[in-house]
Amino acid sequence: MTLAKIPLAGVIGHPIAHSRSPLLHGHWLRSFGLAGHYVPMDVSPENLQEALRTLPRVGFVGVNVTLPHKENALQIADIVTDTARRIGAANTLTFLEDGKIVADNTDAYGFMENLKQGAPKWRADAGPSVILGAGGAARAVIVALLDEGVSEILITNRTRERAEQLCQEFGPCLRMVEWAQADDAIQAGLTIINTTSLGMAGKAELNLSLAGLQKEATVTDLVYNPIKTRLLEAAGDAGCVTVDGLGMLLHQAVPGFERWFGIRPTVDDATRKAALA
Ligand code: NAP
């Protein structure tokens, strides 16, 4: 008698104890009654390559990679999707039968799915989008907005060179606004996206004036700890539709789970509860 192989997947980071991904994938595995495991793995940068080459040989079908490995994983992979290349980082790796590693990035997908689920009336052609921040997460948001057909993106960042760099790289739909003028950008925006780490528990607050915020604007925050950031609270008080960042984390996990375990999960209240457990 031969036993069917039990697929293994997981998340690699350094550190990794804080990751919510094992709770999330564990919840989906249980709810579909699937045989499979999803485990957290603490791997230091110098051991990443060896770990990624070994895992397919011991039954792993793929892994998520998180900080600090997102850029390195792209270099190590044998095949890189167009989306991962544009974002410049990978978060979802799939191991092919011959051991080759395919690197993808599902953050842009996760961002857009979450926005559409949380703000069903959101439209790409509503008006300018405003991105606060120009780090790794901003790159995924830019790709998501451009692919959805947003034609005007104002980007503002404390370190102006990083925002300028993104404008150069992603082209004429992007325009840099000085961080000191971020309030003006917010006034002009119909979609406001915080991609900075400001507002996160233990970090400083995002101290921008929301006085000019249009009540027709949709406001979303990538920060999900706390779930309801001060930005979202203030935007909600101003009458805006708000979308929290937890949903992005949940939606970005969907394509990986489907590739590794063969069923496409949905993101619902039970998924949110499981990830917060
Ligand atoms: P990152 O590459 O380190 O970028 C951090 C950004 O925050 C930069 O734009 C940085 O500006 C800005 N920032 C940090 N401290 C600041 C301060 N005191 N004043 C003004 N700006 C400040 O990080 P990241 O990977 O883009 O992640 C950013 C946030 O998104 C984190 O909170 C992360 O948890 C969250 N995130 C959420 C999801 C999700 O699924 N919901 C996914 C990815 C990321 P400078 O360039 O001037 O340093």
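## Pockets, prolines and a helix

Visitor: Which helices and strands each supply at least two residues of the lining of the largest pocket?

Guide: They are strand S3 (60-65), helix H3 (70-76), helix H6 (136-148) and helix H10 (246-252). Those labels are DSSP runs numbered from the N terminus (helices: H or I, at least four residues; strands: E, at least two). Keep in mind that this is a predicted model, where local features need pLDDT of at least 70 and side-chain atom pairs count only at pLDDT 80 or more, while totals for chains, interfaces and linings use all residues. Residues are numbered from 1 along each chain as its sequence is written, and side-chain values use heavy atoms, with hydrogens and water left out.

Visitor: How do I read a pocket, and how much space lies in the largest pocket?

Guide: A pocket is an open set of points on a 1 Å grid over the protein atoms alone, where a 1.4 Å probe fits, with protein on both sides within 12 Å along at least five of seven lines; lining residues have an atom within 4 Å of a point. Here the largest pocket holds about 1500 Å³, the space filled by probe spheres set on points joined across faces, edges and corners. It has 44 lining residues, and Leu67, Lys70, Ala137, Met200 and Tyr224 are the closest to its centre. H6 gives the most, 5 residues. Domain 1 (8-105) and domain 2 (108-247) each contribute at least three; those bounds come from an automatic or database assignment.

Visitor: What classes of residue make up the lining of the largest pocket?

Guide: You'll find 19 nonpolar, 18 polar and 7 charged residues. Ala, Val, Leu, Ile, Met, Phe, Trp, Tyr, Cys and Pro count as nonpolar, Asp, Glu, Lys and Arg as charged, and the others, Gly among them, as polar.

Visitor: What about the second largest pocket?

Guide: That one has about 280 Å³ of space. Its lining includes Lys5, Arg57, Phe60, Phe95 and Glu97, and by class it has 7 nonpolar, 2 polar and 3 charged residues.

Visitor: Where should I look for cis peptide bonds?

Guide: Check the prolines. The bond from histidine 14 to proline 15 is cis, with omega near 10°, and proline 15 sits in the loop between strand S1 (8-13) and helix H1 (21-31). The bond from asparagine 225 to proline 226 is cis too, with omega near 10°; proline 226 is in the loop between strand S11 (218-221) and helix H9 (230-237).

Visitor: Which residues of H5 are buried?

Guide: Asp107, Ala108, Gly110, Phe111, Met112, Asn114 and Leu115 are buried (under 20% relative accessible area, 1.4 Å probe, protein chains only).

Methods. Buried means under 20% relative accessible area, exposed over 50%, partly exposed in between (1.4 Å probe, protein chains only).
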